[in-house]
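Hi,

Here is the model I promised to pass on. Have a look, and my notes follow below.

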Amino acid sequence: MDSSRKRRAVDETPTTGSATKKLKLLNSNPAPVPQQPSAETVQKVGLKLIGQINNATDKTGRTISDAFIDLPDRVDFHDYYVQTKMPISVSMVEDKIRRNGYATITEIESDLKRMVQNAKEYNMPKSDIYEDAERIRKLVYNYMKIHNPAYTLDPNYQSFCTPIPETKITLTNGGAHSAGNVKAEPGSRGGSSKPRASLGPKASEPPSERKSSAAPSASAAEGEDQVDADVDDTGNRDFTGKTFQEAQQMIVAELISHAEDGVEIFTPFVTLPSRKLEDYYKTIRHPVSLKSVQKRTRGIHGRAPPTGRTDFKTWDAFEEEISFIWRNAREYNLDGSEMYELAGEFEEYFKAQLAEAKSKVEEPAARITLAAPKKSGITLNLGQHRSSPTPGVSVDNEALARQRQMVQAGVNGQQTQAKPTPPVNGATRPPSQGMQDARPSSSAQALPPASAPVKNERVSTMSPAATMAPAVQAIPNGHTNGMMPPPLQRHMSGSPYPAQPTMAPPVTSFHFTAPSALPPTPIREYPISQSLLPVVTLSTHPQLRLQKPYSLAVPPHASLSQQSRTITLPSTHYYVQIAPTISRELSMGRAYKMFVTVNGTRLTQRDTQFHADSGKRTHMYEGSLASGVNRIEVEVAAAKVDGDGKGLDVEKVTIFANLTR
């Protein structure tokens, strides 16, 4: 039995061998396995590659390695070293090659690939440095494909960047991850979800050819880190005797430079992240960093000349702006993450500094400028027979006194002696209707003019007749039994001109015309059961994890296609979820378009949910609210289904949300 078992084993040996053994049997003269190059070979190959990089040019003859020869200046590009944890330059690789620091050619390729990757992550695509980095990558790949034995040993070999050491990396303004783990936590206010590491431009490079960081540079060249802040013997900042603006600058400087065990812990909140982090800027509507607040305390706005005055006129305004840093860090990062906890420490430390500053520095008094009242165009001249110094209206006190006497006499049934009446427009003023005293026959003659006639009225008056009318005869004296006498009558005149009144009724120059272009009332032309928006729900976002979340459901109006609501939310409800539900007809194929905006900014749909029981569909939107009144609009427009199908059916819901401070 043992011999048969051995025989079967001998018979099966050729068939059970591995594929490598079969190939060796077929090829009696296999190719020799390449040996690892020696140190001299590695040095020779590496220096030759460095020479090609230094001499490489683009199509125009421009050298592409100028920005990669040396590392950027640490003063001018401080933010580069904050973001890049493994800076590498061509000169560093060359020095290491000459010292025989590389054991293999693959290590040289990995370091150069790390240098290229740093430049691509730090600079924007399509920039000069980004394009030069891509040219160097292609040059290194073409060279290494021939000289690196790794490509010969493995046809599927792919180069890789030199891994970053296993150290914790703090990203600009809120992101954090471990170097050995590619997974990154989302950034805080202005934070990035991935490390921004690359090779920056040289300090000697012309400004036009530099690619600055997407985040504001934290360089000392800008002069933003130098804050004149007094520090006492214990190392604490003293606000005594400081102005309101100086105290604000001292607080910001303390937040930037605050360190524990020699490490500045609030570095993630100093600058804003790269614009390549699109999801952050879609979520955060008002990015704020300590650098941006520092500029505003100095009155710096872009390229405009600095005003030298702080934008924050009260402590509350200053606190409100800085609060966006920790509020947005909590909004963007997961609860319980390191950046979420760091935001809490930042808030606690800031409020302690603010309380100390408030106790020693008072807010400046508010200045209220009152505009002087404008001079009226009408002047009342209350003096007797005095001309008005400016064009306007004059009031004759003597005439007012006569009218008052005549009215009093008419009420008491008495007669009063009329006083001379000054002429008007060259004709004698007719006697008042309220006069009941007899006039002498000489009263028809013109009286001597007064020294200062009354100014003409602005209402239209009739010109006197061409022929002077006969004098008005007075009513004979008699008893009136305590009643007003009848009005004076004028005798029939023989003049060919008809008798006309001396005073025409005033003509109104302003005519009110009712508006004829008022917007039509948005009446829905179809029943409520066919409403395009059966319900619109507004609620606080679940990520806030509030104990008492807010929720509002807006059903369709009974007859109108547009409606609005007004609500008030506390400051903790700054992130909301908007969920409009469309009708079954729209979800089953009827053409429609939905618009959801917050303060004029259109939101992007985050998710959708189909309700199988009703056939309706709910779209999910998310948006951030700012302090004050926010306008949230949900509008849907659908093609008409009745008639010829032309036109649109439109429904709109507007919610005014007042977010308290």
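How many aromatic pairs does the structure hold? There are 15 aromatic pairs, where rings of Phe, Tyr and Trp (its six-membered ring) pair if their centres lie within 6.5 Å, and planes under 30 degrees apart count as stacked, over 60 as edge-to-face and the rest as tilted. Before the details, a word on the source: this is a predicted model, in which local features need pLDDT of at least 70 and side-chain atom pairs count only at pLDDT 80 or more, while totals for chains, interfaces and linings use all residues. Residues are numbered from 1 along each chain as its sequence is written, and side-chain values use heavy atoms, with hydrogens and water left out.

Start with Phe-266 and Phe-346: the ring centres are 5.1 Å apart and the planes stand at 85 degrees, so this pair is edge-to-face. Phe-266 is in the loop between strand S5 (263-264) and helix H10 (278-283), and Phe-346 is in helix H13 (residues 338-360), so the pair links distant parts of the chain, 80 residues apart (helices are DSSP runs of H or I with at least four residues, strands are runs of E with at least two, numbered from the N terminus). Phe-346 also forms a tilted pair with Phe-269, at 5.1 Å centre to centre and 55 degrees between the planes. Phe-269 lies in the loop between S5 and H10, so that pair ties helix H13 to a part 77 residues away in sequence.

Buried or exposed, what is Phe-346? Phe-346 is buried, with a relative accessible area of 0% (buried is under 20%, exposed over 50%, partly exposed in between, with a 1.4 Å probe and protein chains only). Phe-269 is buried at 0%, and Phe-266 is buried at 1%. One aromatic cluster includes Phe-266, Phe-269 and Phe-346, along with Trp-315, Trp-326 and Tyr-349 among others.

S14 (residues 628-639) and S15 (residues 648-659) run antiparallel and are joined by 12 bridges.

Cheers

Note on methods. Pairing = 2+ DSSP bridges.
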